[in-house]
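I opened this entry to keep track of what I looked up in the structure, topic by topic. The sequence and the model come first.

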Amino acid sequence: MLQRVVLPFLLVLAVLSGVSAIISTQTKTDRAAVSERSVPTVVLDAGHGGEDGGTVGVNDLLEKDVNLDVALRLRDLLTANGIPVVMTRTEDVLLYDRNADYKGRKKSLDLAARRQIAEDTPDCIFVSIHMNSFPDPRYDGLQVWYSPNNPKSKVIADTVQKTAKAVLQPDNEREIKAATDAIYLLHRLNVPAVLVECGFLSNPAEAEKLAMPDYRRDVAFTLFLAVSEVCRGID
Ligand SMILES: [Zn+2]
């Protein structure tokens, strides 16, 4: 498969070009100042968790598990390349206070907690990882949604969607979409925010791929290329 060759090569290239650019143009002090000034923190949000499994694949794959696996892989790539990351969750949990009155409110408390993490993180961009589902099993392909509240959201979404077409899914003709109030977090967050539906668990072929660690690694690497590009470019 082409991607198996191209993706690791691109990773090496990305790392090498970043390192050589830094070494050739900056002193150690400059480097610290630049990274503090220009690299935002990525708040990485693995959708669902715990009691909320998200959608269920035609192969019984649970969305929450795929989301977390892709998010953890993406975190490792970003941090290895000097981009700070805050995770909303690193385990199979929903975020709500076990001592609070959570009956019937777990999901809303969870979303509010994720929103709070983004709002409490200075100079951040928010990237939420999900898997898609649709009654008609023929639909497939990565789809990015963006928050209408911050113009940088659309730039990030566009970069992710184009990178997916370039290195992961050459036949993907999907276009980015502005989130409506149906997507709670994107509708309410004011920081740059996108939600990536990495693939359709309702499509048998795509669900099968998403069950494979190698493919999830390729998805994470695709997101890494796009997110690191926008992080280096955002003031
Ligand atoms: Zn979801």
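Which residues have the most contacts inside the largest nonpolar core? I found V194 and V196 in that place, in a core of 52 residues; a nonpolar core is a set of buried Ala, Val, Leu, Ile, Met, Phe, Trp, Tyr and Cys residues joined through C-beta atoms within 7 Å. The largest share of this core, eleven residues, is supplied by α8.

I noted the conventions next. This is a predicted model, in which local features need pLDDT of at least 70 and side-chain atom pairs count only at pLDDT 80 or more, while totals for chains, interfaces and linings use all residues. Residues are numbered from 1 along each chain as its sequence is written.

I then listed the partners of V194, leaving aside its neighbours within four places in sequence: V127, V144, W145, Y146, S153, I156, A157 and V160 are in contact with V194, where contact means that C-beta atoms, placed from the backbone, lie within 7 Å.

For the overall layout, I recorded eight helices and six strands in the protein chain, these being DSSP runs numbered from the N terminus (helices H or I, at least four residues; strands E, at least two). The six strands form an open sheet with mixed pairing, in the order β2-β1-β3-β6-β4-β5, and two strands pair if DSSP finds at least two bridges between them. β2 (85–87) and β5 (177–178) stand at the edges with a single partner strand each, so one side of each is left without a neighbour in the sheet.

Last, I turned to helix α3 (residues 63–80), whose buried residues include V66, L68, V70, L74 and L77; buried means 20 or more other C-beta atoms within 10 Å of the residue's own, with C-beta atoms placed from the backbone. Among the elements that cover the buried residues of α3 I noted β1, β2, β3, β6, α7 (204–210) and α8 (213–233). Just after α3, I noted that G82 takes a positive phi of about 80°.

Methods
Buried ≥ 20, exposed ≤ 12 C-beta atoms within 10 Å, placed from the backbone. Contact = placed C-beta atoms within 7 Å.
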